[in-house]
Amino acid sequence: MYQLYYQYPNTWFGDCMPFGKDGKFYLYHQRDTRKPGPFGEPFGWSLATTTDFVHYEDHGIAIPGGTEEEQDQYIFAGTVFEAEGLYHAMYTGFNREYAKQGKDPQVLMKATSKDLYHWEKNDEKLVAPQPGYDPEDWRDPFVMWNEEKQEYLMILGARKKSPHINRGCTVCFTSKNLHDWKFQGDFWAPNIYSMHEMPDLFKMGDWWYLIISEYSEKNKIVYRRSKSLDGPWTAPIDDAFDGRCYYAGRTAFDGKRRVLFGWVNTRDTWKDDAHWTWGGTFVPHEIYQREDGSLGAKIPDSVLEAFETPRVLAKDHTLHTVDSSEELPLAQIRDKFCKFEARVKFSEGTRSFGVRVKQNETTGESYDFRLLVGENRLYFDRIPCIPSDVNNKGLERPIQLKAGKEYLIQIIVDDDIATIYIDGVALNVRMYNENQSGHGISMYVTDGTLEILEANISDRLIK
């Protein structure tokens with residue numbers, strides 16, 4: 001049971017269509033019952049709201065799916081936006097039997113609302129797959145008003161009809177009235193991924209940002225940036241927000257914060273060596289812009305403020321070793337929940353340092369967030385690493401590390417999920433191996449010096 005992260009009971013959190021207004025976020029999302037597995041029972045969109053990402057109010061089904069015979073048997077992802085005095089939900093209507101019947105299985109449809117809680121579907125099939133594109137991969141529309149051209153711009157994920165594996169693309173339409181949509185061709189077709197999912201567009205400062213989720217290269221949420229909606233779209237050195245365990249993220253702005261709404265995968269048999277599967281638990285990342293125009297992720301301030309005053313575990317403590325590893329046990333995690341923080345510096349020539357969580361004091365078995373200095377890499381794995389456990393691939397992030405610089409490491413452990421933040425880099429992971437692991441948390445350094453300026457822990461939320 002999660003104390004902080006959001007997952008409605010007896011369901012798994014799917015793609016989220018967030019909308020922000022006046023300090024409140026509306027989380028329109030899919031709730032998968034997994035009967036008998038992912039996408040087993042048809043679903044529509046459900047709604048939960050929050051102002052702080054700690055407390056959520058459930059509003060049940062917002063837009064119900066259709067019948068077994070209707071186009072929107074399943075309501076796949078889309079977007080919620082405000083225009084012309086109403087709230088609009090542009091969504092993907094999917095029927096799993098239509099392809100067998102020679103019909104388009106995925107078509108864009110729309111619903112409207114006056115208050116964001118009660119929705120009316122118009123049952124009109126607005127945008128069908130265009131010639132030259134795969135009709136079974138035509139989904140996840142995002143709509144915005146293009147002030148410069150005085151028209152609505154809609155982008156969506158698609159895949160071209162081609163034998164080439166990397167045929168994923170983002171296509172676009174324009175409209176003056178939200179009813180008649182003109183196809184404008186490819187918006188971004190880089191020939192890198194097999195499919196683009198959950199595209200998103202927003203402006204921050206002088207930059208436009210385009211976000212997609214891809215499942216063919218590293219299974220990540222990635223982004224590109226441009227000074228113009230017409231491109232070109234260029235990639236920063238680190239073009240992701242998280243690792244392969246965080247997917248299908250869209251952003252929303254509530255007037256103060258831009259937050260990324262993605263879900264943390266589960267494994268199909270709830271074991272560390274099992275395969276990842278679709279859907280899971282919602283975890284928010286607040287997005288901010290660095291001076292160079294790249295984007296970083298951090299814990300929302302409202303989440304940090306929700307924890308009780310932390311207790312100090314270590315202060316001005318130095319770990320040093322020449323040809324081995326030195327470790328400092330710090331605390332026990334109570335109730336599988338905590339926020340751990342450490343301000344640290346490392347010396348020139350240090351090989352690696354990190355934090356171990358859910359550690360067994362007797363055997364040393366644990367889960368390890370390791371910062372590999374020479375490789376500029378944040379890496380997660382289990383100790384010991386089982387040779388057959390190849391499914392941890394992708395639980396890593398690039399990070400630029402400099403000797404002598406002070407870093408703040410923040411880790412939230414919530415049941416079987418752990419999320420680490422350091423210098424704008426985030427990484428979510430799952431930890432299922434409760435039998436061998438324990439509840440300890442420690443820090444260590446290998447071949448070098450680590451100064452722990454302060455380490456603290458808080459394992460209670462303010463009621």
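Me: What do the numbers and values rest on?
Reply: Residues count from 1 along each chain as its sequence is written, and side-chain values use heavy atoms, without hydrogens and water. In this predicted model local features need pLDDT of at least 70 and side-chain atom pairs pLDDT 80 or more, while totals for chains, interfaces and linings use all residues.

Me: Why is the contact of K21 and E82 called a salt bridge?
Reply: A salt bridge needs a side-chain nitrogen of Lys or Arg within 4 Å of a carboxyl oxygen of Asp or Glu. K21 and E82 have N to O at 3.4 Å, so the pair qualifies. K21 sits in strand β1 and E82 in strand β5 (residues 74-83), 61 residues apart. The structure holds 29 salt bridges.

Me: What makes K21 partly exposed?
Reply: Buried means under 20% relative accessible area, exposed over 50%, and partly exposed in between (1.4 Å probe, protein chains only). K21 has 28%, so it is partly exposed. E82, at 46%, is partly exposed too.

Me: Is D134 buried or exposed, and how do you know?
Reply: D134 has a relative accessible area of 15%, so it counts as buried. D134 also forms a salt bridge with R167, with the closest N and O atoms 3.8 Å apart. D134 lies in strand β9 (residues 133-146), and R167 in the loop between β10 (151-160) and β11 (168-175).

Me: Why are β1 and β2 called paired strands?
Reply: Strands are DSSP runs of E, at least two residues long, numbered from the N terminus. Two strands pair if DSSP finds at least two bridges between them. β1 (residues 12-21) and β2 have eight bridges, so they pair, running antiparallel.

Me: What makes strand β2 mostly covered?
Reply: Eight of the nine residues in β2 (residues 24-32) are buried.

Me: Why do β13 and β15 count as edges?
Reply: The open sheet runs in the order β13-β14-β15, with antiparallel pairing. β13 (197-204) and β15 (220-226) each have a single partner strand, so one side of each lacks a neighbour in the sheet. Seven bridges join β14 (residues 207-214) to β15. Among them, W208 has S226 in β15 as its partner.

Notes
Helix = DSSP H or I, 4+ residues; strand = E, 2+ residues; numbered from the N terminus.
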